[in-house]
Amino acid sequence: ALGGVAQADIGIDTRQADLQRQVDAGKRSGKLSIRERNILNAELRRIANVEAELRARGNNLSERDERRIGAMLDAAQRHIRQLKQNRERGRTGIHF
């Protein structure tokens, strides 16, 4: 069995991959415009950069670091949901 920190690392990586898949799906469905995708991809890159900076200190994330990254991922999830539900659409979607 993996320790708590290693388990959390898997959770972070899984969540990051899932959020990227959601952005990609929004592109395919036309629910996200190019501008929205750029905003969301920049947010996901910032989270990955913060995680890399925290790991550079010693590879393992502290509980505080995990909570920080988790809160950033929660915010990104909300942003993806909000932007997919607004009226701005990509090229394949309906324009209002």
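Me: At what angle do H2 and H3 pack, and how far apart are their axes?

Reply: This is a predicted model. In it, the axes of H2 and H3 lie 11 Å apart, and the two helices pack at an angle of about 175°.

Me: How is that angle to be read: are H2 and H3 roughly parallel or roughly antiparallel?

Reply: Angles over 145 degrees count as roughly antiparallel. H2 and H3 are therefore roughly antiparallel to each other.

Me: Which residues meet where H2 and H3 are in contact?

Reply: From H2, the list includes Glu36, Leu40, Glu43, Leu44 and Ile47. From H3, it includes Asp65, Ile69, Leu73, Ala76 and His79. Sorted by class, the contact of H2 with H3 has twelve nonpolar, six charged and one polar residues.

Me: What is the general idea behind a nonpolar core?

Reply: In soluble globular proteins, nonpolar side chains tend to be buried together. Here the largest nonpolar core has 15 residues, and among those with the most contacts inside it are Leu19, Val23, Leu40, Leu44 and Ile69. The elements that give two or more residues to this core are helix H1 (4–29), helix H2 (34–55) and helix H3 (63–85).

Me: What does Leu44 touch, beyond residues up to four places away in sequence?

Reply: Leu44 touches Leu19, Gln20, Val23 and Ala76.

Me: Now a charged residue. Is Asp65 buried or exposed?

Reply: Buried means under 20% relative accessible area. Asp65, in helix H3, has 7% relative accessibility, so Asp65 counts as buried. Leaving aside neighbours within four places in sequence, Asp65 is in contact with Leu54 and Arg57.

Me: And what is the relative accessible area of His79?

Reply: With a relative accessible area of 30%, His79 is partly exposed. His79 lies in helix H3 and touches Leu40 and Glu43, not counting residues up to four places away in sequence. His79 and Leu40 are 39 residues apart in sequence, yet 7.5 Å apart in space from C-alpha to C-alpha.

Me: How many helices and strands are there in the chain?

Reply: The chain has three helices and zero strands, in the pattern α-α-α along the sequence. Of its 96 residues, 35% are buried. Among contacts with a separation of 6 or more, 72% come from residues 24 or more positions apart. The accessible surface comes to about 6300 Å², and carbon and sulfur atoms account for 51% of that surface.

Terms used:
Residues are numbered from 1 along each chain as its sequence is written. This is a predicted model: local features need pLDDT of at least 70, side-chain atom pairs count only at pLDDT 80 or more; totals for chains, interfaces and linings use all residues. Side-chain values use heavy atoms; hydrogens and water are left out. A nonpolar core is a set of buried Ala, Val, Leu, Ile, Met, Phe, Trp, Tyr and Cys residues joined through side-chain atoms within 4.5 Å. Buried means under 20% relative accessible area, exposed over 50%, partly exposed in between (1.4 Å probe, protein chains only). Helices (H or I, at least four residues) and strands (E, at least two) are DSSP runs, numbered from the N terminus. Contact means heavy atoms within 4.5 Å. Axes are lines fitted to C-alpha atoms, for helices over the stretch in contact, and angles run from 0 to 180 degrees between N-to-C directions. Angles under 35 degrees count as roughly parallel, over 145 as roughly antiparallel, 65 to 115 as roughly perpendicular and the rest as oblique. Ala, Val, Leu, Ile, Met, Phe, Trp, Tyr, Cys and Pro count as nonpolar, Asp, Glu, Lys and Arg as charged, and the others, Gly among them, as polar. Accessible areas come from the Shrake-Rupley method with a 1.4 Å probe; for residues, only the protein chains shown count as cover.
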